[in-house]
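Please keep the sequence and the coordinates at hand while reading.

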Amino acid sequence: MQNLLCRDGEVYYYPYFLDPSECVFYYQIFVNKVKWQQQKIKLFGKTYLCPRLSAWYGDADAEYTYSGILNKPEKWFSELETLKRKIEAFCKHTFNSVLINWYRNEKDSMGWHSDDEPELGLNPVIASVSLGQPRVFKFRHRFDKTLKLSICLENGSLLVMKGACQRYWEHAIPKQTKSCQGRINLTFRKVVSLS
């Protein structure tokens, strides 16, 4: 499999990781079983609702802070653990947590950021599964603004980011101009203790 980044990190894309029946099954399970929340974030002194629903699941000690929000994990449930094991076997890497985002329509989005929080370690492996509506996923280099990449994340696809990717690249899910259905994204990661 070819690395999609020209330098400073690794990104691999597997468009058919889950078959169509698995996609339908997991999408319905996660819509109904995940404990969804709409977080609030502070930007420039103002508080806003995040433009998506989200949830944090993982091992009991897998607490994680991003955008100033401390996330205490919900307990794994069986279908989520089954998907985690499938991804771990494929990636040959273990994960102890997952951030789940539900982009309900074209207005939901994720701004530019890197998953470079200290709890994730220096070169984290992040495995991202997409279910439902395909959405454009964008990368841009943090220091060389001429370096950009766009990928359409298909239903059932797996995107793996590793190496120095989070140190040198930012990524985003922009709003869409055309009406679209929902997309659920699960980003599996390994949180490490900072104590």
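This is a predicted model: local features need pLDDT of at least 70, side-chain atom pairs count only at pLDDT 80 or more; totals for chains, interfaces and linings use all residues.

With which residue does Asp-144 form a salt bridge? The partner is Arg-7, and the closest N and O atoms of the two residues are 3.6 Å apart, where a salt bridge is a side-chain nitrogen of Lys or Arg within 4 Å of a carboxyl oxygen of Asp or Glu. Asp-144 lies in the loop between β10 (135-141) and β11 (148-153), whereas Arg-7 lies in the segment before β1 (10-14), so the pair ties together parts that are 137 residues apart in sequence; the helices and strands named here are DSSP runs (H or I over at least four residues for helices, E over at least two for strands), numbered from the N terminus.

Residues are numbered from 1 along each chain as its sequence is written, and side-chain values use heavy atoms, with hydrogens and water left out.

Another salt bridge joins Asp-115 and Arg-189, whose closest N and O atoms are 3.9 Å apart. This pair links distant parts of the chain, with Asp-115 in the loop between β8 (110-113) and β9 and Arg-189 in strand β14, 74 residues apart. Asp-115 is buried at 7% relative accessibility, and Arg-189 is buried with a relative accessible area of 2%. A search of the whole structure finds 10 salt bridges.

Strand β14 (183-189) is also one of the elements against which the buried residues of helix α1 pack, together with α2 (78-91), β7 (97-103) and β9 (126-132). Those buried residues of α1 are Cys-23, Tyr-26, Tyr-27, Ile-29, Phe-30 and Val-31. The helix itself (residues 20-33) has 14 residues and reaches 20 Å from its first C-alpha to its last, close to the 20 Å expected, the expected span being 1.5 Å times one less than the number of residues.

How values were computed: Buried means under 20% relative accessible area, exposed over 50%, partly exposed in between (1.4 Å probe, protein chains only). Contact means heavy atoms within 4.5 Å.
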